[in-house]
Amino acid sequence: MKRNMSAFAFYKTAAKQSEQTQVKKKKRTENGAAPAVTAKKKKMKKGAVDKKMMKQEIQERSSDRQQCPSNGTGGVGAEMLHALLTDLTKVNNSRERASRLFQWLICPNQDKTFFRDCWEKKPLLIRRQNPDYYQGLFSTAEFDRILRTDDVQYGVNLDVTSYTNGKRETHNPPGRALPYTVWDFYESGCSLRMLNPQAFSSTVWNVLSILQEKFGSMAGANVYLTPAGTQGFAPHYDDIEAFIVQLEGKKHWRVYNPRSEDEALPLVPSPNFSQAEIGKPILDVVLEAGDLLYLPRGFIHQGDCLPDAHSLHITISSFQRNSWGDLLLKVMPAALEMAMEEDVEFRKGLPIDYLTFMGVQNSDKEDPRRDTFVSHVEGLIKKLMSYAPVDAAVDQKAREFLHDCLPPALSEEEKSSSVYGASARWEDGEAVDVAVRMKGQTKIRLIRAGVARLCSDGEAVHLYYTTENSRVYHKEEPKSIEIKAEHTDAVEFLIHNYPKFVAVASLPCDSAEDKVSLAELLFEKGIIHTSEPLTTK
(Lines give C-alpha, C1' and ligand atoms only; values in the text may rest on other atoms or scores of the structure.)
Protein backbone atom coordinates (compact mmCIF):
# COMPACT_ATOMS: atom_id res chain seq x y z
CA MET A 1 0.00 0.00 0.00
CA LYS A 2 1.29 3.44 -0.81
CA ARG A 3 2.47 5.43 2.17
CA ASN A 4 0.25 8.39 1.27
CA MET A 5 -2.90 6.30 0.90
CA SER A 6 -5.23 6.38 3.92
CA ALA A 7 -6.58 3.21 5.46
CA PHE A 8 -10.10 4.14 4.43
CA ALA A 9 -9.13 4.81 0.80
CA PHE A 10 -7.44 1.43 0.61
CA TYR A 11 -10.38 -0.29 2.30
CA LYS A 12 -12.75 1.08 -0.36
CA THR A 13 -10.58 0.13 -3.34
CA ALA A 14 -9.05 -3.18 -2.25
CA ALA A 15 -12.09 -5.21 -3.25
CA LYS A 16 -11.67 -4.09 -6.86
CA GLN A 17 -8.03 -5.07 -7.10
CA SER A 18 -6.71 -8.46 -8.10
CA GLU A 19 -5.44 -10.84 -5.45
CA GLN A 20 -2.30 -9.47 -3.87
CA THR A 21 0.64 -11.58 -2.78
CA GLN A 22 -0.03 -12.70 0.75
CA VAL A 23 1.92 -10.90 3.39
CA LYS A 24 4.83 -12.97 4.60
CA LYS A 25 4.46 -14.18 8.11
CA LYS A 26 6.79 -12.38 10.46
CA LYS A 27 8.77 -14.17 13.08
CA ARG A 28 6.91 -13.77 16.30
CA THR A 29 8.73 -11.94 19.05
CA GLU A 30 7.98 -11.47 22.70
CA ASN A 31 5.51 -8.60 23.02
CA GLY A 32 2.90 -7.04 25.29
CA ALA A 33 2.38 -7.32 29.04
CA ALA A 34 -0.46 -6.30 31.27
CA PRO A 35 0.42 -4.79 34.63
CA ALA A 36 -0.48 -7.00 37.55
CA VAL A 37 -3.36 -5.35 39.37
CA THR A 38 -4.49 -7.19 42.47
CA ALA A 39 -8.10 -7.76 43.38
CA LYS A 40 -9.41 -4.78 45.33
CA LYS A 41 -11.11 -4.73 48.68
CA LYS A 42 -12.70 -1.63 50.13
CA LYS A 43 -9.35 0.16 50.34
CA MET A 44 -7.77 -1.45 47.27
CA LYS A 45 -4.84 -3.18 48.97
CA LYS A 46 -1.82 -3.79 46.77
CA GLY A 47 -0.91 -7.32 47.83
CA ALA A 48 1.84 -9.44 46.33
CA VAL A 49 1.02 -11.05 43.00
CA ASP A 50 0.48 -14.80 43.17
CA LYS A 51 3.43 -16.38 41.35
CA LYS A 52 1.41 -19.37 40.17
CA MET A 53 -1.26 -17.10 38.66
CA MET A 54 1.41 -14.96 37.00
CA LYS A 55 3.03 -18.04 35.47
CA GLN A 56 -0.33 -19.19 34.14
CA GLU A 57 -1.00 -15.71 32.74
CA ILE A 58 2.36 -15.68 30.96
CA GLN A 59 1.64 -19.11 29.50
CA GLU A 60 -1.74 -17.88 28.25
CA ARG A 61 -0.12 -14.87 26.59
CA SER A 62 2.40 -17.16 24.93
CA SER A 63 -0.49 -19.22 23.57
CA ASP A 64 -2.13 -16.01 22.38
CA ARG A 65 0.96 -15.10 20.38
CA GLN A 66 0.97 -18.47 18.70
CA GLN A 67 -2.67 -18.06 17.61
CA CYS A 68 -2.52 -14.41 16.56
CA PRO A 69 -2.07 -13.93 12.78
CA SER A 70 0.53 -11.23 13.33
CA ASN A 71 1.74 -9.48 16.43
CA GLY A 72 2.71 -6.22 14.81
CA THR A 73 6.43 -6.39 15.48
CA GLY A 74 9.37 -6.63 13.18
CA GLY A 75 7.51 -5.69 9.99
CA VAL A 76 6.41 -2.75 7.90
CA GLY A 77 3.18 -1.21 9.19
CA ALA A 78 1.84 -0.75 5.69
CA GLU A 79 2.04 -4.52 5.14
CA MET A 80 0.08 -5.16 8.33
CA LEU A 81 -2.55 -2.65 7.31
CA HIS A 82 -2.67 -4.04 3.78
CA ALA A 83 -3.32 -7.54 5.07
CA LEU A 84 -5.95 -6.36 7.54
CA LEU A 85 -7.92 -4.25 5.09
CA THR A 86 -7.75 -6.80 2.30
CA ASP A 87 -9.16 -9.41 4.66
CA LEU A 88 -11.92 -7.08 5.85
CA THR A 89 -13.17 -6.50 2.30
CA LYS A 90 -13.71 -10.25 2.02
CA VAL A 91 -15.55 -10.70 5.33
CA ASN A 92 -19.23 -11.38 4.64
CA ASN A 93 -20.54 -10.87 8.18
CA SER A 94 -20.18 -7.44 9.80
CA ARG A 95 -19.97 -8.98 13.28
CA GLU A 96 -17.06 -11.14 12.18
CA ARG A 97 -15.51 -8.07 10.59
CA ALA A 98 -15.81 -6.26 13.93
CA SER A 99 -14.19 -9.17 15.76
CA ARG A 100 -11.25 -9.23 13.36
CA LEU A 101 -10.72 -5.48 13.60
CA PHE A 102 -10.78 -5.63 17.39
CA GLN A 103 -8.36 -8.54 17.31
CA TRP A 104 -5.99 -6.41 15.24
CA LEU A 105 -6.37 -3.55 17.71
CA ILE A 106 -5.28 -5.63 20.74
CA CYS A 107 -3.02 -8.15 18.99
CA PRO A 108 -1.11 -10.25 20.09
CA ASN A 109 -3.69 -10.76 22.85
CA GLN A 110 -6.69 -12.89 21.93
CA ASP A 111 -10.03 -11.19 22.49
CA LYS A 112 -11.38 -14.14 24.51
CA THR A 113 -8.45 -13.85 26.93
CA PHE A 114 -8.79 -10.06 27.02
CA PHE A 115 -12.48 -10.08 27.93
CA ARG A 116 -11.93 -12.78 30.53
CA ASP A 117 -8.91 -11.30 32.26
CA CYS A 118 -8.81 -7.54 31.60
CA TRP A 119 -12.16 -6.12 30.52
CA GLU A 120 -13.52 -3.97 33.39
CA LYS A 121 -10.85 -5.51 35.65
CA LYS A 122 -7.33 -4.24 35.05
CA PRO A 123 -5.17 -2.27 32.61
CA LEU A 124 -3.41 -3.90 29.68
CA LEU A 125 -0.19 -2.61 28.16
CA ILE A 126 0.89 -3.72 24.69
CA ARG A 127 4.39 -2.78 23.54
CA ARG A 128 5.11 -3.34 19.86
CA GLN A 129 8.44 -1.78 18.89
CA ASN A 130 6.69 -1.00 15.60
CA PRO A 131 5.84 2.69 15.13
CA ASP A 132 3.95 1.92 11.89
CA TYR A 133 1.44 -0.54 13.38
CA TYR A 134 -1.42 1.98 13.50
CA GLN A 135 -0.21 3.97 10.52
CA GLY A 136 -3.09 5.47 8.52
CA LEU A 137 -5.51 5.75 11.43
CA PHE A 138 -4.85 9.45 12.12
CA SER A 139 -1.89 11.86 11.98
CA THR A 140 -0.85 15.42 12.74
CA ALA A 141 -1.00 16.07 8.99
CA GLU A 142 -4.67 15.08 9.01
CA PHE A 143 -5.22 17.21 12.10
CA ASP A 144 -3.87 20.19 10.18
CA ARG A 145 -5.94 19.36 7.08
CA ILE A 146 -9.13 19.22 9.15
CA LEU A 147 -8.40 22.62 10.69
CA ARG A 148 -7.93 24.08 7.21
CA THR A 149 -10.87 22.51 5.41
CA ASP A 150 -13.59 21.83 8.01
CA ASP A 151 -15.69 23.92 10.34
CA VAL A 152 -13.99 23.03 13.62
CA GLN A 153 -15.50 24.95 16.53
CA TYR A 154 -13.81 25.61 19.86
CA GLY A 155 -15.59 23.83 22.69
CA VAL A 156 -17.61 21.69 20.30
CA ASN A 157 -14.95 19.97 18.22
CA LEU A 158 -11.71 21.21 19.80
CA ASP A 159 -10.46 21.96 23.31
CA VAL A 160 -7.25 23.86 24.09
CA THR A 161 -5.97 22.82 27.52
CA SER A 162 -3.02 23.07 29.89
CA TYR A 163 -2.01 21.61 33.25
CA THR A 164 0.76 23.47 35.08
CA ASN A 165 1.61 23.70 38.76
CA GLY A 166 -1.31 21.44 39.62
CA LYS A 167 -3.85 23.63 37.84
CA ARG A 168 -5.93 22.45 34.85
CA GLU A 169 -7.17 25.20 32.49
CA THR A 170 -9.18 25.39 29.26
CA HIS A 171 -8.28 28.21 26.87
CA ASN A 172 -11.06 27.99 24.26
CA PRO A 173 -11.86 31.28 22.54
CA PRO A 174 -15.25 31.55 20.83
CA GLY A 175 -15.79 30.63 17.19
CA ARG A 176 -14.02 28.55 14.58
CA ALA A 177 -10.65 26.97 15.30
CA LEU A 178 -8.33 28.06 12.49
CA PRO A 179 -4.72 26.94 12.04
CA TYR A 180 -3.28 30.40 12.71
CA THR A 181 -4.62 30.45 16.27
CA VAL A 182 -4.60 26.74 17.04
CA TRP A 183 -0.94 26.22 16.20
CA ASP A 184 -0.05 29.35 18.19
CA PHE A 185 -1.71 27.78 21.23
CA TYR A 186 0.26 24.59 20.57
CA GLU A 187 3.57 26.43 20.30
CA SER A 188 2.75 28.12 23.61
CA GLY A 189 2.62 24.71 25.31
CA CYS A 190 -1.11 23.93 25.16
CA SER A 191 -2.57 20.51 24.40
CA LEU A 192 -5.17 20.08 21.67
CA ARG A 193 -8.08 17.68 22.05
CA MET A 194 -10.26 16.92 19.02
CA LEU A 195 -13.53 15.72 20.50
CA ASN A 196 -15.13 13.89 17.59
CA PRO A 197 -12.57 13.06 14.90
CA GLN A 198 -15.04 10.62 13.31
CA ALA A 199 -16.99 13.65 12.05
CA PHE A 200 -13.98 14.74 9.98
CA SER A 201 -11.86 11.63 9.39
CA SER A 202 -13.29 8.91 7.15
CA THR A 203 -10.79 6.42 8.54
CA VAL A 204 -11.77 6.99 12.17
CA TRP A 205 -15.45 6.88 11.17
CA ASN A 206 -14.92 3.57 9.43
CA VAL A 207 -13.04 1.99 12.33
CA LEU A 208 -15.57 3.11 14.95
CA SER A 209 -18.59 2.13 12.87
CA ILE A 210 -17.16 -1.40 12.67
CA LEU A 211 -16.11 -1.65 16.33
CA GLN A 212 -19.51 -0.56 17.66
CA GLU A 213 -20.84 -3.95 16.55
CA LYS A 214 -18.16 -5.66 18.67
CA PHE A 215 -19.04 -3.74 21.81
CA GLY A 216 -22.82 -3.56 21.34
CA SER A 217 -22.36 -0.02 22.58
CA MET A 218 -21.40 3.28 21.02
CA ALA A 219 -17.74 3.49 20.03
CA GLY A 220 -16.36 7.02 20.26
CA ALA A 221 -12.97 8.67 20.04
CA ASN A 222 -10.93 11.72 21.00
CA VAL A 223 -7.58 12.72 19.53
CA TYR A 224 -4.94 14.33 21.76
CA LEU A 225 -1.94 16.30 20.47
CA THR A 226 0.49 17.38 23.20
CA PRO A 227 3.71 19.45 22.84
CA ALA A 228 6.99 18.07 24.13
CA GLY A 229 7.61 18.65 27.83
CA THR A 230 4.01 19.51 28.73
CA GLN A 231 0.89 18.01 30.31
CA GLY A 232 -2.64 18.89 29.21
CA PHE A 233 -4.89 17.25 31.79
CA ALA A 234 -5.01 16.66 35.54
CA PRO A 235 -5.21 13.16 37.05
CA HIS A 236 -8.75 11.79 36.66
CA TYR A 237 -10.76 8.68 35.87
CA ASP A 238 -13.31 8.15 33.10
CA ASP A 239 -16.70 6.48 32.81
CA ILE A 240 -15.75 4.59 29.65
CA GLU A 241 -13.55 1.66 28.68
CA ALA A 242 -10.56 3.37 27.06
CA PHE A 243 -8.07 2.11 24.46
CA ILE A 244 -5.20 4.60 24.25
CA VAL A 245 -3.57 4.14 20.84
CA GLN A 246 -0.22 5.90 20.47
CA LEU A 247 0.10 7.22 16.91
CA GLU A 248 3.14 9.52 16.94
CA GLY A 249 5.91 10.44 19.35
CA LYS A 250 5.69 9.17 22.90
CA LYS A 251 3.93 9.89 26.16
CA HIS A 252 4.60 9.12 29.81
CA TRP A 253 1.61 7.57 31.59
CA ARG A 254 0.95 6.90 35.25
CA VAL A 255 -2.03 4.74 36.19
CA TYR A 256 -3.55 4.34 39.65
CA ASN A 257 -6.03 1.92 41.20
CA PRO A 258 -9.53 3.18 42.00
CA ARG A 259 -9.29 4.74 45.44
CA SER A 260 -12.13 2.58 46.81
CA GLU A 261 -14.79 0.12 45.70
CA ASP A 262 -17.19 3.04 45.44
CA GLU A 263 -15.12 4.41 42.54
CA ALA A 264 -14.75 1.10 40.67
CA LEU A 265 -16.64 1.07 37.35
CA PRO A 266 -18.07 4.56 37.94
CA LEU A 267 -21.21 5.92 36.28
CA VAL A 268 -19.74 9.39 35.74
CA PRO A 269 -16.20 10.74 35.22
CA SER A 270 -14.27 12.11 38.16
CA PRO A 271 -13.33 15.69 38.93
CA ASN A 272 -9.68 16.62 38.60
CA PHE A 273 -7.53 15.18 41.39
CA SER A 274 -4.46 16.62 43.05
CA GLN A 275 -1.32 14.49 43.20
CA ALA A 276 -1.84 14.04 46.93
CA GLU A 277 -5.26 12.44 46.44
CA ILE A 278 -4.25 9.53 44.22
CA GLY A 279 -1.43 7.66 45.93
CA LYS A 280 1.28 5.73 44.11
CA PRO A 281 0.90 4.50 40.52
CA ILE A 282 0.47 0.82 39.75
CA LEU A 283 1.85 1.46 36.28
CA ASP A 284 4.47 3.97 35.17
CA VAL A 285 5.27 3.63 31.47
CA VAL A 286 6.20 5.50 28.32
CA LEU A 287 4.01 4.71 25.31
CA GLU A 288 5.71 4.93 21.93
CA ALA A 289 4.12 4.96 18.49
CA GLY A 290 2.46 1.58 17.84
CA ASP A 291 1.81 0.87 21.54
CA LEU A 292 -1.59 0.52 23.21
CA LEU A 293 -2.79 0.99 26.76
CA TYR A 294 -6.24 -0.23 27.84
CA LEU A 295 -7.79 1.36 30.92
CA PRO A 296 -11.04 0.15 32.52
CA ARG A 297 -13.33 2.89 33.73
CA GLY A 298 -12.46 4.07 37.21
CA PHE A 299 -8.67 3.72 36.90
CA ILE A 300 -7.08 7.10 37.56
CA HIS A 301 -4.52 8.18 34.98
CA GLN A 302 -2.41 11.11 33.86
CA GLY A 303 -0.14 11.56 30.87
CA ASP A 304 2.69 13.98 30.19
CA CYS A 305 5.09 14.44 27.31
CA LEU A 306 8.81 13.90 27.65
CA PRO A 307 11.09 16.83 26.77
CA ASP A 308 12.32 15.28 23.51
CA ALA A 309 9.09 14.42 21.65
CA HIS A 310 5.52 15.52 21.03
CA SER A 311 2.67 13.02 21.40
CA LEU A 312 -0.33 12.19 19.24
CA HIS A 313 -2.72 9.54 20.47
CA ILE A 314 -6.31 8.58 19.86
CA THR A 315 -8.48 7.21 22.65
CA ILE A 316 -11.12 4.78 21.41
CA SER A 317 -13.88 4.45 23.98
CA SER A 318 -17.05 2.46 24.62
CA PHE A 319 -19.43 1.08 27.25
CA GLN A 320 -20.62 4.34 28.75
CA ARG A 321 -23.74 3.74 30.89
CA ASN A 322 -24.05 0.15 29.69
CA SER A 323 -24.24 -1.66 33.02
CA TRP A 324 -26.74 -4.03 34.61
CA GLY A 325 -27.84 -1.14 36.78
CA ASP A 326 -28.60 0.98 33.72
CA LEU A 327 -30.77 -1.82 32.37
CA LEU A 328 -32.58 -2.17 35.70
CA LEU A 329 -33.29 1.56 35.69
CA LYS A 330 -35.54 0.77 32.75
CA VAL A 331 -36.84 -2.57 34.01
CA MET A 332 -37.95 -1.63 37.52
CA PRO A 333 -40.19 1.41 36.85
CA ALA A 334 -41.99 -0.50 34.11
CA ALA A 335 -42.31 -3.60 36.31
CA LEU A 336 -43.79 -1.54 39.15
CA GLU A 337 -46.27 0.14 36.82
CA MET A 338 -47.44 -3.25 35.53
CA ALA A 339 -47.61 -4.73 39.03
CA MET A 340 -49.75 -1.87 40.31
CA GLU A 341 -52.13 -2.32 37.41
CA GLU A 342 -52.45 -6.09 37.72
CA ASP A 343 -51.90 -7.01 41.40
CA VAL A 344 -54.06 -5.66 44.18
CA GLU A 345 -51.29 -6.30 46.75
CA PHE A 346 -49.35 -3.37 45.27
CA ARG A 347 -52.43 -1.14 45.51
CA LYS A 348 -53.24 -1.81 49.15
CA GLY A 349 -52.69 1.16 51.45
CA LEU A 350 -49.75 1.66 53.79
CA PRO A 351 -50.38 1.23 57.53
CA ILE A 352 -52.00 4.41 58.80
CA ASP A 353 -49.40 4.74 61.55
CA TYR A 354 -46.27 3.83 59.50
CA LEU A 355 -44.79 7.32 59.89
CA THR A 356 -44.59 6.80 63.64
CA PHE A 357 -42.21 3.86 63.48
CA MET A 358 -40.49 4.12 60.04
CA GLY A 359 -38.05 6.66 58.64
CA VAL A 360 -34.60 7.82 59.69
CA GLN A 361 -35.81 9.42 62.92
CA ASN A 362 -37.22 6.04 63.98
CA SER A 363 -34.42 3.82 62.65
CA ASP A 364 -32.93 3.13 66.11
CA LYS A 365 -36.24 2.06 67.63
CA GLU A 366 -36.74 -1.55 68.62
CA ASP A 367 -40.27 -1.93 67.35
CA PRO A 368 -41.62 -5.21 65.94
CA ARG A 369 -43.72 -3.22 63.49
CA ARG A 370 -40.52 -2.15 61.75
CA ASP A 371 -39.53 -5.76 61.06
CA THR A 372 -43.00 -6.55 59.75
CA PHE A 373 -42.97 -3.48 57.51
CA VAL A 374 -39.53 -4.23 56.02
CA SER A 375 -40.43 -7.90 55.52
CA HIS A 376 -43.56 -6.90 53.60
CA VAL A 377 -41.55 -4.57 51.35
CA GLU A 378 -39.05 -7.35 50.64
CA GLY A 379 -41.90 -9.68 49.68
CA LEU A 380 -43.33 -7.14 47.24
CA ILE A 381 -39.89 -6.59 45.69
CA LYS A 382 -39.48 -10.33 45.12
CA LYS A 383 -42.95 -10.49 43.64
CA LEU A 384 -42.10 -7.52 41.42
CA MET A 385 -39.71 -9.63 39.36
CA SER A 386 -42.59 -11.62 37.90
CA TYR A 387 -43.74 -8.41 36.22
CA ALA A 388 -40.31 -7.34 34.95
CA PRO A 389 -40.50 -6.61 31.19
CA VAL A 390 -36.86 -7.52 30.55
CA ASP A 391 -37.15 -7.82 26.77
CA ALA A 392 -38.92 -4.48 26.53
CA ALA A 393 -36.22 -2.84 28.67
CA VAL A 394 -33.51 -4.35 26.48
CA ASP A 395 -35.29 -2.90 23.45
CA GLN A 396 -35.22 0.51 25.12
CA LYS A 397 -31.46 0.15 25.53
CA ALA A 398 -31.21 -0.98 21.93
CA ARG A 399 -33.09 2.08 20.68
CA GLU A 400 -30.70 4.33 22.57
CA PHE A 401 -27.73 2.41 21.15
CA LEU A 402 -28.98 2.74 17.58
CA HIS A 403 -29.45 6.48 18.12
CA ASP A 404 -25.86 6.70 19.44
CA CYS A 405 -24.44 4.68 16.54
CA LEU A 406 -22.44 6.01 13.66
CA PRO A 407 -23.91 5.27 10.24
CA PRO A 408 -22.15 2.41 8.44
CA ALA A 409 -19.16 3.43 6.31
CA LEU A 410 -19.85 1.59 3.07
CA SER A 411 -17.30 0.32 0.56
CA GLU A 412 -17.78 1.16 -3.12
CA GLU A 413 -19.10 -2.35 -3.72
CA GLU A 414 -21.67 -1.97 -0.95
CA LYS A 415 -22.70 1.42 -2.26
CA SER A 416 -23.22 0.07 -5.77
CA SER A 417 -25.70 -2.53 -4.49
CA SER A 418 -27.60 -0.16 -2.19
CA VAL A 419 -29.79 2.90 -2.60
CA TYR A 420 -26.65 5.05 -2.51
CA GLY A 421 -25.51 3.57 -5.81
CA ALA A 422 -28.89 3.34 -7.53
CA SER A 423 -28.72 4.26 -11.21
CA ALA A 424 -31.53 6.86 -11.09
CA ARG A 425 -30.06 10.15 -12.30
CA TRP A 426 -30.55 13.31 -14.39
CA GLU A 427 -29.31 12.94 -17.93
CA ASP A 428 -29.93 14.89 -21.15
CA GLY A 429 -32.67 16.99 -19.62
CA GLU A 430 -34.64 14.19 -17.98
CA ALA A 431 -34.68 11.74 -15.08
CA VAL A 432 -33.57 8.28 -16.20
CA ASP A 433 -33.58 4.80 -14.63
CA VAL A 434 -36.21 5.89 -12.12
CA ALA A 435 -38.27 2.81 -12.91
CA VAL A 436 -35.68 0.38 -11.53
CA ARG A 437 -37.61 -1.76 -9.06
CA MET A 438 -37.29 -4.84 -6.91
CA LYS A 439 -38.48 -8.14 -8.35
CA GLY A 440 -39.40 -11.43 -6.73
CA GLN A 441 -36.08 -12.98 -7.70
CA THR A 442 -34.02 -10.03 -6.38
CA LYS A 443 -31.84 -11.20 -3.50
CA ILE A 444 -31.54 -8.90 -0.49
CA ARG A 445 -30.08 -8.76 3.03
CA LEU A 446 -29.39 -6.24 5.78
CA ILE A 447 -26.43 -4.02 4.91
CA ARG A 448 -25.01 -4.62 8.41
CA ALA A 449 -25.94 -7.08 11.17
CA GLY A 450 -26.70 -4.30 13.65
CA VAL A 451 -28.14 -1.73 11.27
CA ALA A 452 -31.76 -2.12 12.41
CA ARG A 453 -33.90 -3.50 15.22
CA LEU A 454 -37.61 -4.21 15.63
CA CYS A 455 -39.12 -2.69 18.76
CA SER A 456 -42.69 -2.41 20.04
CA ASP A 457 -44.15 0.21 22.32
CA GLY A 458 -47.22 -1.92 22.98
CA GLU A 459 -49.31 -0.19 20.35
CA ALA A 460 -47.17 -0.20 17.21
CA VAL A 461 -44.03 -1.89 15.93
CA HIS A 462 -41.20 0.29 14.66
CA LEU A 463 -37.95 -0.58 12.92
CA TYR A 464 -35.15 1.62 14.27
CA TYR A 465 -32.11 1.99 12.04
CA THR A 466 -28.72 3.73 11.81
CA THR A 467 -28.19 4.44 8.10
CA GLU A 468 -29.50 8.00 8.33
CA ASN A 469 -27.60 8.87 11.52
CA SER A 470 -25.05 11.66 11.44
CA ARG A 471 -21.34 11.28 12.07
CA VAL A 472 -21.91 14.04 14.65
CA TYR A 473 -23.27 12.58 17.90
CA HIS A 474 -27.07 12.94 18.14
CA LYS A 475 -27.21 15.59 15.43
CA GLU A 476 -30.26 13.72 14.11
CA GLU A 477 -33.31 12.47 15.97
CA PRO A 478 -33.70 8.67 16.29
CA LYS A 479 -34.66 7.17 12.93
CA SER A 480 -37.49 4.65 12.66
CA ILE A 481 -40.27 3.50 10.37
CA GLU A 482 -43.54 1.94 11.44
CA ILE A 483 -43.88 -1.66 10.31
CA LYS A 484 -47.31 -3.07 9.57
CA ALA A 485 -48.27 -5.99 11.79
CA GLU A 486 -48.46 -8.29 8.78
CA HIS A 487 -44.88 -7.38 7.81
CA THR A 488 -43.13 -7.96 11.15
CA ASP A 489 -42.47 -11.64 10.39
CA ALA A 490 -40.79 -10.66 7.13
CA VAL A 491 -38.51 -8.13 8.86
CA GLU A 492 -37.58 -10.72 11.50
CA PHE A 493 -36.91 -13.17 8.66
CA LEU A 494 -34.39 -10.73 7.15
CA ILE A 495 -32.74 -10.02 10.51
CA HIS A 496 -32.35 -13.68 11.45
CA ASN A 497 -31.12 -14.76 8.01
CA TYR A 498 -28.22 -12.28 7.98
CA PRO A 499 -25.62 -12.62 6.46
CA LYS A 500 -27.39 -14.72 3.84
CA PHE A 501 -29.06 -13.05 0.88
CA VAL A 502 -32.69 -14.14 0.48
CA ALA A 503 -35.05 -13.70 -2.46
CA VAL A 504 -37.74 -11.05 -2.13
CA ALA A 505 -40.23 -13.77 -3.05
CA SER A 506 -39.25 -15.75 0.07
CA LEU A 507 -40.34 -13.01 2.49
CA PRO A 508 -43.26 -14.29 4.61
CA CYS A 509 -45.81 -11.68 3.48
CA ASP A 510 -49.39 -12.24 2.36
CA SER A 511 -48.89 -11.24 -1.27
CA ALA A 512 -46.17 -10.74 -3.86
CA GLU A 513 -47.05 -7.05 -3.90
CA ASP A 514 -46.50 -6.78 -0.13
CA LYS A 515 -43.11 -8.50 -0.44
CA VAL A 516 -41.88 -6.08 -3.08
CA SER A 517 -43.36 -3.07 -1.28
CA LEU A 518 -41.59 -3.93 1.99
CA ALA A 519 -38.29 -4.63 0.23
CA GLU A 520 -38.42 -1.28 -1.58
CA LEU A 521 -39.20 0.57 1.65
CA LEU A 522 -36.16 -0.97 3.38
CA PHE A 523 -34.01 -0.37 0.29
CA GLU A 524 -34.98 3.32 0.17
CA LYS A 525 -33.82 3.76 3.77
CA GLY A 526 -30.47 2.08 3.06
CA ILE A 527 -31.28 -0.74 5.50
CA ILE A 528 -30.85 -3.51 2.91
CA HIS A 529 -28.82 -3.98 -0.23
CA THR A 530 -29.00 -6.42 -3.11
CA SER A 531 -26.65 -9.21 -4.14
CA GLU A 532 -26.21 -7.47 -7.49
CA PRO A 533 -26.80 -3.81 -8.44
CA LEU A 534 -30.37 -3.19 -9.61
CA THR A 535 -30.80 -2.70 -13.35
CA THR A 536 -33.63 -1.81 -15.74
CA LYS A 537 -33.47 -5.27 -17.30
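Arg97, Glu414 and Arg448 are joined in a network of salt bridges, a salt bridge being a side-chain nitrogen of Lys or Arg within 4 Å of a carboxyl oxygen of Asp or Glu. The model is predicted, so local features need pLDDT of at least 70 and side-chain atom pairs count only at pLDDT 80 or more, while totals for chains, interfaces and linings use all residues. Residues are numbered from 1 along each chain as its sequence is written, and side-chain values use heavy atoms, with hydrogens and water left out.

Helices (H or I, at least four residues) and strands (E, at least two) are DSSP runs, numbered from the N terminus. Arg97 and Glu414 are both buried; buried means under 20% relative accessible area, exposed over 50%, and partly exposed in between, with a 1.4 Å probe and protein chains only.

A salt bridge between strands is formed by Asp304 and Arg254, whose closest N and O atoms are 3.4 Å apart. Asp304 sits in strand β9 (residues 300-304) and Arg254 in strand β6 (residues 241-256), so the pair links distant parts of the chain, 50 residues apart. Asp304 and Arg254 are buried as well.

Glu476 and Lys479 also meet through their side chains in a salt bridge, at 3.5 Å from N to O. Glu476 has 31% relative accessibility and therefore counts as partly exposed. By the same rule, the count comes to 27 salt bridges.
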